Amino acid sequence: MLAKLNGVTKRYSKTEGVHELSLELYPGQAVGLLGLNGSGKTTTLKLLAGMLFPTTGSVEVLGQSPRESRGQIAYLSDADNLYAWMTPRDAERLMAGLYPDFNPGRYRELLAFLEVPQQGYRSMSRGQRARLRLAMVLSREARLFLLDEPLSGIDVISRDRILKSLVREWREEACLVLSTHEVSEAEGIFERVLLLKEGRLALDAKAEDLRAKGQSVKDAFIEVLA
Amino acid sequence: MPGAQFGTVEIIVFGVVFAWLVYAGYRLWTATYSPTARWLGMGFVALAVLGLAKGLLE
Amino acid sequence: MMNAFRTLLWLELRKFGVFGLGLLLVVAGWFFMARQTFEWNGYKLESAAMVFAVTAFVAVGGSIAYLAALIMDFGREYRAGRWSLLLGSPQPGWLYLAARTLMGVGVLTLFNGGLWLVQTFWLGQVGVSLPIGLGAGIWLYLLGGLALVVPALFLGLWVAAYIPGKATLIALIIGVIGLGQVLEWSARLWGSQFYRWLPAWKLPAPGVEQNPAVRMEWENFPGLPSEAFVILSVLTALFFFVASRLWQEVEA
């Protein structure tokens, strides 16, 4: 097992992010984390990344607290969070300096594959920004990848292409958790889907089991939300 | 200081300030997730109260 | 670790380089302005006093503006969601603070050192010679705000720790009062103790050790008060440590 949430509750000053959430993640898995806006996807990912501390319960990544194993965790925030002056080259310098597991060769391959232009972050479109940030995170040799809505702002056709290639060639030793509110996108891509509803895990299913029941991910989603 | 006399205005002003410090202490305790910040907040409020009390008695 | 530190320093340089450069331009501009002052008013003592006053004012104003920018940077990074980028890295908190401290101290040293040189040069023209050594040291440390870099960073992080709970104004007020109180109480409570431990440095306060009545009036010393220097150094180390802990506990 790679990571584990043990009955985790995260309370903010007035609201609750997640409630009594338990789940386990394994290497080689590509997991889709689905849910409506505000269902606790970002909170879950931040808890796994050690960016938030649970109010109750515990989080473990590689047998330690997330902060202790953060060298093994690659987290992509949904915030548009690069410095305005940064070019892809600056971003490479930042990543190479701060993250020992950063792989520059892979970074350049990803920049080409994702068609990221060599220009300042300020002058990039929303989609180009998302592509650059995705390339930065995926260039790490981490064990746990937590991507929070990594494809938002990217056009539909490219989204499909990127997602398919990302999941198809997923690494044996690492686990990918990718959150999205575009349920139809998860169809036929992820081997495992997690569905959050109001901070609770409403469904944790293998895609093939759903298929065996003759259910699509979208059907399951609608059934859970009903 | 024994025998010190306070007027109504002083009592009101210092009362309000002390009340605000208590409120600030409560907020500083509850409004963060960082244990260090929490305890530091208590320390700062305590120091402010002490300083104020000292100013009051002198 | 060295590589990470260089990267963080580069990041600070990119963030605050323009501000720092602006401050250096102010120094260059003031060099010529000071000259004009003497040209218009004549090379006399009143002009020198005026130049001295304005230089001190610019030094304090520039330093405060820069320190305020350092303080507010934590909040700005938080709101831009940038902490997830930085907190996610396996670098210890003190390394981030060390890079910020070095950048802050470097900029303020160049700025205030430059102002000091400008002032010394023009005052020299009317025969007022300022000693470079000790005077420049005090100027940098106190007027120039070098002593405030670490407390400013601490204050910025401390306030940022209260952004999620929306209590930043209270945190700022109590933080400023608290820092002042810590300084006052350390001076008050440990003041007399420090004198016993300190070596008898030959600082411009002759006869102090022999006269116990002067001990408590350390603020009025006409030189570098060694006691204040020691207290500030200890407090700097303390606040650096506390700020490092805050960095580790902050939530993005």
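UniProt positions are given here in the numbering of this structure, feature names are shortened, and annotations may be inferred rather than shown by experiment. For "domain: ABC transporter", the unreviewed UniProt entry lists residues 3–223 of chain A.

This is a predicted model: local features need pLDDT of at least 70, side-chain atom pairs count only at pLDDT 80 or more, and totals for chains, interfaces and linings use all residues. Residues are numbered from 1 along each chain as its sequence is written, while chains are lettered from A and ligands numbered from 1 in the order in which they are written.

**Chain A**

Confidence comes first. pLDDT is the predictor's confidence in each residue, from 0 to 100. Chain A has a mean pLDDT of 91, with 100% of its residues at 70 or more. Within chain A, helix α2 (residues 88–98) has the highest confidence, at a mean of 96, and helix α6 (residues 183–186) the lowest, at 79. Where pLDDT is low, the predicted coordinates should not be read in detail.

Chain A holds eight helices and nine strands. Helices (H or I, at least four residues) and strands (E, at least two) are DSSP runs, numbered from the N terminus. The radius of gyration of chain A is 17 Å, close to the 17 Å that the globule rule gives for 226 residues, so chain A is as compact as a globular protein of that length. That radius is taken over C-alpha atoms, and the rule is 2.2 Å times the number of residues to the power 0.38. Along the principal axes, the C-alpha atoms of chain A fill a box of roughly 45 × 40 × 35 Å.

Two residues are in contact if their C-beta atoms, placed from the backbone, lie within 7 Å. A residue is buried if 20 or more other C-beta atoms lie within 10 Å of its own, exposed if 12 or fewer, and partly exposed in between. The two chains below are described in these terms.

| Chain | Buried residues | Contacts at least 24 apart, among those at least 6 apart |
|---|---|---|
| Chain A | 45% of 226 residues | 68% |

**The core**

A nonpolar core is a set of buried Ala, Val, Leu, Ile, Met, Phe, Trp, Tyr and Cys residues joined through C-beta atoms within 7 Å. The largest one has 136 residues, and Leu144(A), Leu146(A), Val177(A) and Leu157(C) have the most contacts inside it. Helix α4 (residues 93–125) of chain C gives the most to this core, with twelve residues. Beyond its neighbours within four places in sequence, Leu144(A) touches residues including Leu2(A), Val61(A), Ile73(A) and Cys175(A).

**Chain C**

Chain C has eight helices and zero strands. The unreviewed UniProt entry annotates "transmembrane region" at residues 16–33, 48–72, 93–118, 138–160, 167–187 and 228–247 of chain C. Residues 48–72 of chain C are 100% helix, with end C-alpha atoms 36 Å apart. Residues 138–160 of chain C are 78% helix, and their end C-alpha atoms lie 31 Å apart.

Leu21(C) sits in helix α1 (residues 2–41) of chain C. Leu21(C) is exposed, with 11 other C-beta atoms within 10 Å. Its C-alpha atom is 9.2 Å from that of Phe111(C), 90 residues away along the chain.

**Where chains B and C meet**

This contact takes 18 residues from chain B and 22 residues from chain C. On the chain B side, α2(B) gives the most, with ten residues.
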